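Hi,

Here is the structure I promised to pass on. Have a look at it first, and then read my notes below.

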Amino acid sequence: MTTFRSRILESINDANLQTALDNNTERRLKGRAAAFESIPDWRDRRLRANKIRADVIDNLDAYLEKFIAKNEANGVIVHRAKDAAEAIQIVLGIARSITNHHLPTTKTLIAKSKSMVSEEIALNHALEKENMQVIETDLGEYIVQLRHERPSHIITPAAHLKKEQVAELFHEKLGIPYTIDIPTLTATARKVLREVFLTADIGLSGVNFGVAETGGVCVITNEGNGRMVATLPPVHIALMGMERIVPNLDDLALMLSLLPRSATGQKLTVYTQLLHKPLENQTRHLVILDNGRTRLRNSPLKESLYCIRCGACLNACPVFRELGGHAYIGSDLSIAPYPGPIGSVISPGLLGENYVQLAQASSLCGACKDACPVNIDLPKLLTRVRAGAVNSKQSSVISGGAGLTRSTRFGLQMYTRIATHPRLFAASQKLAALTSSLFAPFSQWIHLPAFTGWGYSKDFPKFAGKTFRERYVKRAESRESEIDNAYSSNPQSPVTNHQLPIGRHQFTEELTALGGHVYNVENATQEIIKFLKSRNINKIHLEPNLLDEGLLRESNIEFTHEPDPQIIVGVTNAICGLADTGSVLIVDGDGSPLKGSLLPEIHVAILKTSNILPSLPDAMHLVKDTRAAVFITGPSRTADIEMTLTIGVHGPKEIHVFLT
Ligand code: SF4
């Protein structure tokens, strides 16, 4: 019979899984360390982020009220769902209103970008039961959907798979010849999913942050699918956990300096979009979900609501790194929607006693807390879950520790008291080590069957000279000093935002490092014509009033101000550039620059050198009054198959910035 324990053993003995997990976590950890080098004040940012999240959760009702009022004023239809069933009914209601306009034989098509909340409420399953077609468009999510699986990681859903397994899957389900060439596999998904974006009735996305001050909804993706689903279909539904609020745009900028670095080791995600009002001919619904968050907010696990879902604690956790996400199962054997250290707190916190056992899958080493960009004390929360401080669906507080004997539960409660006081914990470990050395000569006679089963088949392990905690703290300090040293040996790195060198050199360096191209030009029209001729391209999607249209005509370059999926070059204005990330800001306006920078294979942006700003916080005021805006940082990309970077998933494969 499958149990939590047997699932753990299965995972440990699965050679494919172990290879895939090793690839994923090692690269994630290295990427994260490198990305943090460019913000030497990261410790301070982390503390500020923690304070902001604490303030939001303490004053959530007031922030939500403001956020909702702004959204309604912006023309967004806001719904509040107290639980999963209500959220599903809201989405179904929206979808049915569209179905009614369809021929009875046609299914409503929903193109979905990544949303952990939709996993939490099992939305796909509910929609499919009502005869709707839901297609996941994030490459990793698409892969797991084709395999009828749950994501195994909150950032990289297919982290448990090797490329051979994806190759087999695409061969079988999409009918392509078997290949392990990752760019070919990615290009196949691009082709299939492009059709989905263009024909979907509804686009459904998650929400990374909601900005109370402006009502803005921030959705970030690397592949561009989050932009596609929010931009192309006539209806966009944004599904959001009620805790995902930040007070204002400055706070958002701070969070965005931490989230991508922690999640994927990037300074900024490729597409950071801010949606305020629905686009032309579009309806936007915002569904704000409670589903246990209010209870959690009033429980000892409140701090778990600070989470910004970066996944760093999963990558850092020595247990998750061995098991992967599919080993985190409830007592009913269902896979938890949220795995890893944070999942072991919020899965039981939101979904009840079924997932209490997950908190046993932790060594409490503290690696998760160290990795967390908002400084959540995960070991403390895990010990609280173990000791029973978790809300059930039925009652406000349950006894917790499901399936444990009374003596074990008592032991865990004592343990919680000790483990939540670092000095006491360290002292207790030392005492244990001393006791162990005193009794070492008698160890073969000491059995602990009542507690663990140790001693029946194995010798009781010797205590190490130094506690794990001492060794871990030493390692953590040396990791932190590695980051500090790397920074001080690189004098080009910024000291603070205000001291960043403003200008094109840094912008050029950053964008080039990401695979973008930057040109300094006198006359943008002439240079762009040369560029187009060199590629044999004679038709473009052009934002109005940007280039000399007479000169384009004379040069036999056709242009249109209407989006056209057949056109392979889109030329748009960039409102500003960001020196420290190599990003450009595109805002909605005449000629659909948002689509012009998304649908074509090649995006050409025209940027005034004088509009290059130091970093994201300096540009936030420029997005405040827009209908929608996006910061673009390099070409579309993914690393969803074996963490192999592949360029051009759903958005443009190339970005060229002409600096004037
Ligand atoms: S708990 Fe912290 S590290 Fe883990 S996903 Fe949330 S924000 Fe990231």
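**What I found**

Let's start with a pair of strands: β5 (residues 209-211) runs parallel to β8, and 2 bridges link them. Within that pairing, Gly210 has Ile245 of β8 as its bridge partner. Before you read on, keep in mind that this is a predicted model.

As a reminder, strands of a sheet pair through backbone hydrogen bonds, in either a parallel or an antiparallel way.

Then there is β22 (residues 654-659). Is it buried or exposed? Of its 6 residues, 5 are buried, so the rest of the structure largely encloses this strand. Two pairings of β22 are worth a look:

- β11 (residues 517-520) pairs with β22 in the parallel sense over 4 bridges, and His517 has His656 of β22 as its bridge partner.

On to the cores. In soluble globular proteins, nonpolar side chains tend to be buried together. The largest nonpolar core in this model has 144 residues, and Leu252 and Leu286 have the most contacts inside it. If you set aside neighbours within four places in sequence, Leu252 touches Phe209, Val211, Cys218, Val246, Leu274 and Met620.

For helix packing, look at α2 (residues 15-36) against α12 (residues 249-264). Their axes are 6 Å apart and meet at an angle of about 150 degrees, which means that α2 is roughly antiparallel to α12. From α2, the contact uses Arg28, Arg32, Ala35 and Phe36, while α12 brings in Leu258, Arg261, Ser262, Ala263 and Thr264. By type, the residues of this contact come out as 4 nonpolar, 2 polar and 3 charged.

Most residues other than glycine have a negative phi. Which way does Asn131 go, positive or negative? Its phi is positive, near 70 degrees. Asn131 lies in the loop between α7 (123-129) and β3 (133-136), and it counts as partly exposed because its relative accessibility is 49%. Arg309 is not a glycine either, yet it has a positive phi of about 55 degrees. You'll find Arg309 in the loop between α13 (293-297) and α14 (312-316). With a relative accessibility of 11%, Arg309 counts as buried, since the cut-off is under 20%.

Last, a loop residue: Leu645, between β20 (637-638) and β21 (646-647). Leu645 and Ile182 are 463 residues apart along the chain, but their C-alpha atoms are separated by 9.1 Å. Leaving out neighbours within four places in sequence, Leu645 is in contact with Arg637, Thr638 and Ala639.

Cheers

Definitions and conventions: Residues are numbered from 1 along each chain as its sequence is written. This is a predicted model: local features need pLDDT of at least 70, side-chain atom pairs count only at pLDDT 80 or more; totals for chains, interfaces and linings use all residues. Side-chain values use heavy atoms; hydrogens and water are left out. Axes are lines fitted to C-alpha atoms, for helices over the stretch in contact, and angles run from 0 to 180 degrees between N-to-C directions. Angles under 35 degrees count as roughly parallel, over 145 as roughly antiparallel, 65 to 115 as roughly perpendicular and the rest as oblique. Contact means heavy atoms within 4.5 Å. Ala, Val, Leu, Ile, Met, Phe, Trp, Tyr, Cys and Pro count as nonpolar, Asp, Glu, Lys and Arg as charged, and the others, Gly among them, as polar. Two strands pair if DSSP finds at least two bridges between them. A nonpolar core is a set of buried Ala, Val, Leu, Ile, Met, Phe, Trp, Tyr and Cys residues joined through side-chain atoms within 4.5 Å. Buried means under 20% relative accessible area, exposed over 50%, partly exposed in between (1.4 Å probe, protein chains only).
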